[in-house]
Amino acid sequence: MPIGSIVIDDAHACLETTEGQFTMKADGLFRDRMLQLFREDLRLQSEAKLADITTGQSNSQALVPFWAWSDKQSQVFALLSEIDTARRTPARQGDFTEETYSSLRFNYPLIKQSLGLCRCVITGTEVEISPRIIPIDVIPCFGNAARRIVMSATLADNSVLVSHFNFSPDSITKSITPTLANDIGDRMILIPQELNPEFGDDTLKAFFEGLAAKRNVVVIVPSKYRSQYWQDVAAMTLKAESLEEGIEKMKGGHVGLVVLINKYDGIDLPKKACEVLVIDGLPDVRREIDKIEESVLYGTEQILSQRIQRIEQGMGRGVRSNDDYCLVFLVGKTLTNFLYKAGAAQKFSSATRAQFALSEQLSDELHGKQIAALKEVSESNGA
């Protein structure tokens, strides 16, 4: 049966999910064989980086040059065919990890026909293969739908609807937008380490722990590693398997301080479920190719816009309607420096910029003050 309409809500989140589904990740023996295949090409880029990758350093990655990737397509296909055969052969299933088998089964078919146009990143622990432009036409029901409706409140660059979802350029110039931005609720946005650079992480952690004694405080951290810093004061640290249950507890009453790991979108925490929201540090990118692009394009308009969009998505978790309110803290030296560098804060949406400007006016009296003054303002604003 033909599909009449497809509705894509929270398009910014769907874009990330789509990129993830069209990205193949594999480790173990496959990664070792791929490293062997492209070793000389990586050596010509950087012997030091190749040494880090060879010794298994997970935070080191290198992009296979496009000419080497193109020249060795037949060897790559042969290796992928070998893995697929091993996946179907019980005696060989120990040769490759379950992650590799799963990615080969579900992700690889989506990019198989456009493999030569993909990018390949080899790290100390895995290989990542992803297309430059999503070949969305491999899902015919999506392209053949009579209507495709996209909704988003924080889509920084709508050109990705063309490159990822194959929308016509004309269609995205005719988007429907509200004339007023009066439905986002009230937020007071405070940046403690801009108000007083002497505020350290431990001081702020103790401050948020105090607020959490009576209110639900949600802390969004960029990584599992950073979440460990909050463990001694967290009532819950929500992962994928515990996210739904944890959110229901917060909606049902007081929980305390809750840590979310790299979850800046896709969840709703209205009213008392989240009265204080803390964005701790700069959001991390997820794919290896994104890490490489970010290092190359650091400081450009594209990277600034992407990061601001991610931060704004996170700030929206605690305010879900025009009668909702939330006190938002942006903390961490890297995040604070980022917001005041190259006019990054000016890339927020117009409604958030207005709230940001108003918050700055209200917090002028806090500059240089100690944590007690910040507590007084927080309590007077509902926290």
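**Cavity, aromatic pairs and pocket**

Analyst: In this predicted model, a search of the whole structure finds one cavity of 30 Å³ or more. The volume of the largest cavity is about 50 Å³.

User: What makes a space a cavity and not a pocket?

Analyst: A cavity consists of points where a 1.4 Å probe fits but cannot get out, whereas a pocket is an open set. The largest cavity is lined by Asp201, Leu204, Lys205, Phe208, Arg226, Tyr229, Trp230, Asp280, Val331 and Gly332.

User: How many aromatic pairs does a search of the whole structure find, and why is the pair of Phe142 and Phe165 called tilted?

Analyst: The search finds ten aromatic pairs. For Phe142 and Phe165 the ring centres are 5.6 Å apart, and the cut-off for a pair is 6.5 Å. Their planes stand at 50°; stacked requires under 30 degrees and edge-to-face over 60, so the pair is tilted.

User: What does the pair of Phe142 and Phe165 tie together?

Analyst: Phe142 belongs to helix α8 (residues 140–143) and Phe165 to helix α9 (residues 160–165), so the pair ties together parts that are 23 residues apart in sequence.

User: Are Phe142 and Phe165 buried or exposed, and on what grounds?

Analyst: Buried means under 20% relative accessible area. Phe142 has 10% relative accessibility and therefore counts as buried. Phe165, at 3%, likewise counts as buried.

User: Which residues do ring pairs link into a cluster, and where does the charged end of Arg226 sit?

Analyst: Phe207, Phe208, Tyr229, Trp230 and Phe329 are linked into a cluster by ring pairs. The charged end of Arg226 sits over the ring of Tyr229, 4.4 Å from its centre; the distance criterion is within 6 Å of the ring centre.

User: What is the volume of the second largest pocket, and which residues lie closest to its centre?

Analyst: The second largest pocket has a volume of about 1200 Å³. It is lined by 39 residues, of which Glu16, Glu19, Arg287, Asp290 and Gln306 are the closest to its centre. At least two lining residues come from each of α1 (11–21), α9, α15 (288–296) and α16 (301–315).

Notes. Residues are numbered from 1 along each chain as its sequence is written. This is a predicted model: local features need pLDDT of at least 70, side-chain atom pairs count only at pLDDT 80 or more; totals for chains, interfaces and linings use all residues. Side-chain values use heavy atoms; hydrogens and water are left out. On a 1 Å grid over the protein atoms alone, a cavity is a set of points where a 1.4 Å probe fits but cannot get out, and a pocket is an open set with protein on both sides within 12 Å along at least five of seven lines; lining residues have an atom within 4 Å of a point. Grid points are joined across faces, edges and corners, and a volume is the space filled by probe spheres set on the points. Rings of Phe, Tyr and Trp (its six-membered ring) pair if their centres lie within 6.5 Å; planes under 30 degrees apart count as stacked, over 60 as edge-to-face and the rest as tilted. Helices (H or I, at least four residues) and strands (E, at least two) are DSSP runs, numbered from the N terminus. Buried means under 20% relative accessible area, exposed over 50%, partly exposed in between (1.4 Å probe, protein chains only). A charge sits over a ring if NZ of Lys or CZ of Arg is within 6 Å of the ring centre and within 35 degrees of the ring normal.
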